[in-house]
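Please look over the sequence and the structure first, and then read on.

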Amino acid sequence: SGGMDSMNMLVPHPDGCQSLYDEYKDKRGTSNYVTSMIKIDATTSEQPCTHFGVNSALNHLATMYNEGDAIFFANIGHLQKAVNRYDFKAETNAQLFSHHSMKEEMFKVDAFRSRLGTGVLG
C-alpha cells in the first residue's frame, strides 16, 4: 500500500542533462540526490538527456533496464488534448489531481473510451 513519487523515481542526471537536473533540483529542493541515484544510459532514446538517475531504492529496476529487460514510460498522463494551466479545467473532464481517478485512467489509457479494455494493462 502507499504511493510512489514518480518525480523522484526517474530524474535527469547532471552528467547527461545538467540544465534539466538543475531545474529539477530547484523545483524539488533536493541538494544531494545525485549522490544517491543510479545513473542509467539513455543515449539510444529520443530523450533530450543522455543519462537519467534512478532512485537508489529501485536498484533492481535499474539493473533490469541496463540489461534490456525493463523500460521507462516517462511523462505520460491522461489528457484528451493539449491544455495549459489556464484552460485545463474548462477543456478537460479528467480529474487530474485525484489519485484514484488517475489510477483508473492509467489502466485504461483510452481518453475517448473508444476501445474499452485497451490501454497499458488492458
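**A pocket, a sheet and a salt bridge**

The second largest pocket of this predicted model is lined by Leu10, Ile40, Ala42, Thr44, Ser45, Gln47, Phe52, Tyr65, Phe72 and Ala74.

**Pocket**
- The space within the second largest pocket comes to about 180 Å³.
- Of the residues that line the second largest pocket, 7 are nonpolar and 3 are polar, while no charged residue is found in the lining.

**Sheet and helix**
- Three strands form an open sheet in the order S1-S3-S2, and their pairing is antiparallel.
- Strand S1 (10–12) and strand S2 (37–41) each have a single partner strand and stand at the edges, so one side of each has no neighbour in the sheet.
- From one strand to the next, the twist averages 35 degrees.
- Strand S3 (residues 51–55) runs antiparallel to S2, and the two are joined by 5 bridges; Ile38, for its part, has Val54 in S3 as its bridge partner.

**Salt bridge**
- The structure contains 1 salt bridge, which is formed by Asp15 and Lys39, with the closest N and O atoms 3.0 Å apart.
- This pair links distant parts of the chain, 24 residues apart, since Asp15 sits in the loop between S1 and helix H1 (18–28), whereas Lys39 belongs to strand S2.

Terms used: Residues are numbered from 1 along each chain as its sequence is written. This is a predicted model: local features need pLDDT of at least 70, side-chain atom pairs count only at pLDDT 80 or more; totals for chains, interfaces and linings use all residues. Side-chain values use heavy atoms; hydrogens and water are left out. On a 1 Å grid over the protein atoms alone, a cavity is a set of points where a 1.4 Å probe fits but cannot get out, and a pocket is an open set with protein on both sides within 12 Å along at least five of seven lines; lining residues have an atom within 4 Å of a point. Grid points are joined across faces, edges and corners, and a volume is the space filled by probe spheres set on the points. Ala, Val, Leu, Ile, Met, Phe, Trp, Tyr, Cys and Pro count as nonpolar, Asp, Glu, Lys and Arg as charged, and the others, Gly among them, as polar. Two strands pair if DSSP finds at least two bridges between them. Helices (H or I, at least four residues) and strands (E, at least two) are DSSP runs, numbered from the N terminus. Axes are lines fitted to C-alpha atoms, for helices over the stretch in contact, and angles run from 0 to 180 degrees between N-to-C directions. A salt bridge is a side-chain nitrogen of Lys or Arg within 4 Å of a carboxyl oxygen of Asp or Glu.
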